[in-house]
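Reader: I have a model open and want to learn how to read it. Please take me through a few features.

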Amino acid sequence: MKKAVGVDIGANYLRVSVGTQGGKILKIVRASTDIHSGPMGISNQIIDMIHSIETNDVVGIGIGSAGPVDLHKGGLSSPVNMPGLGFVPIVKPLRREFGLSVILQNDCVAAVMGEKKYGAGRMIKNLVYVTISTGIGAGIYVDGNLLSGKDGNAHEIGHITMEIDYGMKCGCGKLGHWEAYCSGKNIPHFVNTLMKKGGRKQFRNSMLYDLCGQDTSLLTSKMIYDIAKKGDSFCRGIIQEIGKINAIGFANIVNAYDPEL
């Protein structure tokens, strides 16, 4: 039975799996992404994780990674949510170690390819997959064709500029990007901005203040959502504002790509 190794490179976690040609996942291992060991540190970490799982009958390695990616060089090109790394080589180190075919794609492109072959997009020619995670990204099929772009980054929809008057700076350094407001990494920064624009009194009356007090550096997106679920009006207001911005982002996607799903 032919098998393949799948690798998911995220800003916070690395995941390595082995699965069958039919799409059955046999095993997954996970570790925190070691961005402090330099560009080769991530490659070496992936190699160690692959060695830790059963790789008999494996015919290739597929990698989905947070972007931007450089498909020509086979690595990550100064990934926005892994600051300070510069170029991260991925394909050559893994190919050298295992002697297998190694394919790199943006993580959302890998995901939309999975949906097209195995999931909700099997019978659909116009399909957009969106992830709202540490960053925001997409994988896109138009008329059955996978969009890629000259370097493999035709789908960085998190860097669409939104016309919203908060002056939020994205992780890439540019102002007003969708990701700057609504990604898991940046929601706490957005909350700080909202407080500077008059929301500090509401913050002090919220359950969020009971958790972190004056030290807003302790804020996390999960904390905000968890407290909103408990009915906290300040956090619910934040979620509503994020929802409006996400709606604008999805409207832009519909207008740009005309998807069926």
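Reader: How many salt bridges does a search of the whole structure find?

Author: First, the ground rules. This is a predicted model, where local features need pLDDT of at least 70, side-chain atom pairs count only at pLDDT 80 or more, and totals for chains, interfaces and linings use all residues. Residues are numbered from 1 along each chain as its sequence is written, and side-chain values use heavy atoms, with hydrogens and water left out. Now the general idea: side chains of opposite charge can pair when their charged atoms come close. The term salt bridge needs a side-chain nitrogen of Lys or Arg within 4 Å of a carboxyl oxygen of Asp or Glu. The search of the whole structure gives 2.

Reader: Which residue forms a salt bridge with R15?

Author: D8 does, with the closest N and O atoms 3.1 Å apart. For accessibility, buried means under 20% relative accessible area, exposed means over 50%, and partly exposed is in between (1.4 Å probe, protein chains only). R15 is partly exposed because its relative accessibility is 32%. D8, at 28%, also counts as partly exposed.

Reader: Where do K222 and D226 lie?

Author: Both are in helix α7, 4 residues apart, about one turn of the helix. Helices here are DSSP runs (H or I, at least four residues), as are strands (E, at least two), numbered from the N terminus. The side chains of K222 and D226 form a salt bridge, 2.7 Å from N to O. K222 has 60% relative accessibility, so it counts as exposed. D226 has 29%, so it counts as partly exposed.

Reader: At what angle do helix α7 and helix α8 pack?

Author: Two packed helices are described by the angle between their axes and the distance between the axes. Here α7 (residues 221–229) and α8 (residues 233–257) pack at about 115°, with axes 8 Å apart. That makes the pair roughly perpendicular, a class that covers 65 to 115 degrees.

Reader: Which residues of α7 and α8 meet?

Author: From α7, I224, Y225, I227 and A228; from α8, C235, R236, I238, I239 and I242. By class, this contact has 8 nonpolar, no polar and 1 charged residues. Contact means heavy atoms within 4.5 Å.

Reader: Is N106 buried or exposed?

Author: N106 is buried because its relative accessibility is 4%. N106 sits in strand β8 (residues 101–106). Leaving aside neighbours within four places in sequence, N106 has contacts including G64, S65, H155 and E156.

Definitions and conventions: Axes are lines fitted to C-alpha atoms, for helices over the stretch in contact, and angles run from 0 to 180 degrees between N-to-C directions. Angles under 35 degrees count as roughly parallel, over 145 as roughly antiparallel, 65 to 115 as roughly perpendicular and the rest as oblique. Ala, Val, Leu, Ile, Met, Phe, Trp, Tyr, Cys and Pro count as nonpolar, Asp, Glu, Lys and Arg as charged, and the others, Gly among them, as polar.
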